[in-house]
Amino acid sequence: MGATTLTFYPLMRAFRNGQIQTWAERGFALSLWALVAGRPATSGALAGLSCLVKPQWGLVLVWAVARREWRFASGFAVTAAAG
């Protein structure tokens, strides 16, 4: 499945042009994957890194606090604050 993404023209074009948006979306996708895999602190840290590029994703921290996902929220806050 990963090799299939190499044939997706918009993704490869954005990567070739050096757009940071490609990396931010990749980090957020990995964050969701880590959350599903049961690693909320890692997921929060990856979401925090993505938030450094796209600040509006900071609403995910509000969601985590509202859902009482403290490990996710702490990973997010520590990473975002360090950045």
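A nonpolar core is a set of buried Ala, Val, Leu, Ile, Met, Phe, Trp, Tyr and Cys residues joined through side-chain atoms within 4.5 Å. Keep that in mind for the second stop; the model on screen is a predicted one.

**Whole chain.** Start with a cartoon view. The protein has 5 helices and 0 strands, and from the N terminus the order of elements is α-α-α-α-α. Along the principal axes, the C-alpha atoms fill a box of roughly 40 × 25 × 20 Å. Of the 83 residues, 27% count as buried. Among contacts between residues at least 6 apart in sequence, 50% join residues at least 24 apart.

**The core.** Select A24, F28, A47, C51, W57, V60, A64, F72, A73 and F76. These 10 residues form the largest nonpolar core. Color α2 (20-36), α3 (40-53), α4 (59-66) and α5 (70-82): each gives two or more residues to this core. The most come from α5, which gives 3.

Now pick A64, one of the core residues. Leaving aside residues up to four places away in sequence, A64 touches E69, F72 and A73.

**The surface.** Switch to a surface view. The protein exposes about 5800 Å², with carbon and sulfur atoms supplying 67% of that area. Then select F15, I20, W23, L49, L52 and V53, which make a nonpolar patch of about 570 Å². Both α2 and α3 supply at least two residues of the patch, and α3 gives the most, with 3.

**Last stop.** Zoom in on L52, in helix α3. Is L52 buried or partly exposed? Its relative accessible area is 43%, so L52 counts as partly exposed.

How values were computed:
Residues are numbered from 1 along each chain as its sequence is written. This is a predicted model: local features need pLDDT of at least 70, side-chain atom pairs count only at pLDDT 80 or more; totals for chains, interfaces and linings use all residues. Side-chain values use heavy atoms; hydrogens and water are left out. Buried means under 20% relative accessible area, exposed over 50%, partly exposed in between (1.4 Å probe, protein chains only). Helices (H or I, at least four residues) and strands (E, at least two) are DSSP runs, numbered from the N terminus. Contact means heavy atoms within 4.5 Å. Patches are made of residues with over 30% relative accessible area and no salt bridge: like charges are joined within 9 Å, nonpolar side chains (Val, Leu, Ile, Met, Phe, Trp, Tyr) within 5 Å. Accessible areas come from the Shrake-Rupley method with a 1.4 Å probe; for residues, only the protein chains shown count as cover. A salt bridge is a side-chain nitrogen of Lys or Arg within 4 Å of a carboxyl oxygen of Asp or Glu.
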